[in-house]
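The sequence and the structure are shown first.

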Amino acid sequence: MPATICALATPPGQGGIATVRISGPDALALADAVFVPLHAKKSLRTARGYTALFGHYILRGRPMDETVALVFRAPHSYTGEDVAELSVHGGTAMAEGLLEALYAAGAQPAGRGEFTRRALENGRLSLTQAEAVMEVVSAAGRQGAALAAGALAGRLGQAIEGIRAALQGVAAHLAAWVDYPEEDVPSLSADELRRVLGGQKTSLDRLINSYGGGAALRHGVDGVLAGRPNVGKSTLLNLMAGFDRAIVTPTAGTTRDVVEQAVVLPPLGLRLNLFDTAGLREEDEHPDAIEAEGIRRSRRKLGEAGLVLAVFDAAAPLTAADRELAAACQNRPALAVLNKQDLIQNAAVLDDKKGELAPYFKEVLPLCAKDAGSLPVLGEAVARAVGAADLDPDAAALCSARQLAAAVRARDALTEALRAVDGGFGLDAVAVCLADAQAALAELAGEDAAAATVDAVFENFCVGK
Ligand code: GDP
């Protein structure tokens, strides 16, 4: 019999309410041991599912805080077991007292993600949904949370099942053809194979291609502000942060080090963890050791960033350092900001600079960092650059690296299958590739997942979920 577990389900720290969740065969009996209802005749053990009782909890015989108890009866609960949720006043003190009372009554502390793991084991959730739970819980932005909620609602599962069903039809046909050559199984035409396999490959491509943007919406992106001194990086950072975070002076080289700042950009609520960098001037031009170290760190950040915001001065000719930065941005997720647009009277000058920078960047965006109206324009360009601009929050979305890896394997196997069709390698070759794709899709769905895979999924969970 599984142990009855309990944990704080709300974040620690000050807050209006703190909720302790208890799950397992003895959940209601243990909750009863610490909970005294206002109406003495009532008890959690005898309460119906989906009901609430009001009272207080006791610790070592002493009445403690006012408590609201919710009762969920197996299998109609999050975990599929009997569950009680006891809410007390927030702040951690009362919740800790409650946990202490529950441990004393015989409850075990829950491990990371143990409630969700039980939900998985009891068939209340699939593995992809369990992964979505964590993404919803940890999402930084609303749009990202909406994407993960779609997966939790089973949209990803449905999409995977659709792909599997289509492939299953072809696989069954191929198997009959390969295994019973003497029977008169009609051969599948190359066109029909291309249509079905190609169609499902397209669906997988769509899932795979939207992963990066979805992850950006859920968790934010590490971004770097790069550019030579005085182009307006600090001003741009302040525009995004909404206050004077960096020291802005008209003297070149004022931003000394890598400054970290998380900003949330309109209109999608995309979070950028920004590193405002020292100018990328040549190190040996600089006698100043501190600044040289800053420059080295800037360069490293540039290579690692999920987004490079490369800033250029629209009002000054492009310098060798500007060109060097632009070249370093090629094939990187990079957006060029052509700042100080307000100083340009002649549109042709701006167009020339845009034209010169365009080959190295996903987009060149002229703006004025001093103008607050530039913020949403910048936010939209950033969302486009990280592939988050036109994600449909109602579409199926992959929401973990494990899912992405399995989807890529399935897609690659379908690519091989299509190659086998085009190369005329025979239907048994197609069947082998198709079987690989089906195995990868089963893995994507989390079917018969090995214990180690499940362990890995729950490793990143928080306690109490
Ligand atoms: P950094 O060295 O790249 O961080 O550049 P700063 O943000 O310190 O800006 C350098 C100078 O350019 C400051 O005097 C800013 O006020 C000015 N500046 C920044 N952005 C703009 C802009 O969009 N228009 C104009 N006219 N001046 C700007």
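Residues are classed by relative accessible area: buried means under 20%, exposed means over 50%, and partly exposed covers the range in between, with a 1.4 Å probe and protein chains only.

## Basis of the model

This is a predicted model, in which local features need pLDDT of at least 70 and side-chain atom pairs count only at pLDDT 80 or more, whereas totals for chains, interfaces and linings use all residues. Residues are numbered from 1 along each chain as its sequence is written, and side-chain values use heavy atoms, with hydrogens and water left out.

## Domains

The chain is divided into domain 1 (5-110), domain 2 (132-210 + 397-458) and domain 3 (216-385); these bounds come from an automatic or database domain assignment. Between domain 1 and domain 2, the C-alpha centres are 43 Å apart.

## Nonpolar cores

In soluble globular proteins, nonpolar side chains tend to be buried together. A nonpolar core is here a set of buried Ala, Val, Leu, Ile, Met, Phe, Trp, Tyr and Cys residues joined through side-chain atoms within 4.5 Å. The largest such core has 38 residues, and Leu-197 and Val-430 are those with the most contacts inside it. At least two residues of this core come from each of α6, α7 (190-209), α8 (211-219), α14 (401-422) and α15 (427-445). Helices are DSSP runs of H or I with at least four residues, strands are runs of E with at least two, and both are numbered from the N terminus. A second, separate core has 35 residues, among them Ala-241, Leu-272, Leu-335 and Leu-391.

Contact means heavy atoms within 4.5 Å. Apart from neighbours within four places in sequence, Leu-197 is in contact with Leu-167, Leu-414, Ala-417, Leu-418, Val-421, Val-430 and Leu-434. Arg-164 belongs to helix α6 (residues 155-179) and is buried, with a relative accessible area of 18%. Not counting residues up to four places away in sequence, Arg-164 touches Leu-441, Ala-442, Ala-445 and Glu-447.

## Salt bridges

Side chains of opposite charge can pair when their charged atoms come close. A salt bridge requires a side-chain nitrogen of Lys or Arg within 4 Å of a carboxyl oxygen of Asp or Glu, and by this rule there are 23 salt bridges. One of them joins Glu-131 and Arg-402, at 2.7 Å from N to O. Because Glu-131 lies in helix α4 (residues 127-138) and Arg-402 in helix α14, the pair ties together parts that are 271 residues apart in sequence. Glu-131 is buried, with a relative accessible area of 4%.

Other pairs lie within a single helix. Arg-118 forms a salt bridge with Glu-114, with the closest N and O atoms 3.4 Å apart. These two residues are four residues apart in helix α3 (residues 114-121), so about one helical turn separates them. Arg-118 is buried at a relative accessible area of 8%, whereas Glu-114 is partly exposed at 22%. In helix α7, Arg-194 and Asp-191 are three residues apart, about one turn of the helix, and their side chains meet in a salt bridge of 2.9 Å, N to O. Arg-194 is partly exposed at 33% relative accessibility, while Asp-191 is exposed at 55%. Salt bridges with shared partners also join Lys-201, Asp-205, Arg-411 and Asp-412 into one network.

Helix α9 (residues 233-241) is mostly covered, with eight of its nine residues buried. The buried residues include Leu-236, Leu-237, Leu-239, Met-240 and Ala-241, together with Lys-233, Ser-234 and Asn-238. Gly-242 follows α9 and has a positive phi, near 85°.

Ala-334 is located in strand β12 (residues 334-339) and is buried at 0% relative accessibility. With neighbours within four places in sequence left aside, Ala-334 is in contact with Val-308, Cys-329, Phe-361, Lys-362 and Glu-363. The C-alpha atoms of Ala-334 and Glu-363 are separated by 7.8 Å, although the two residues are 29 residues apart along the chain.
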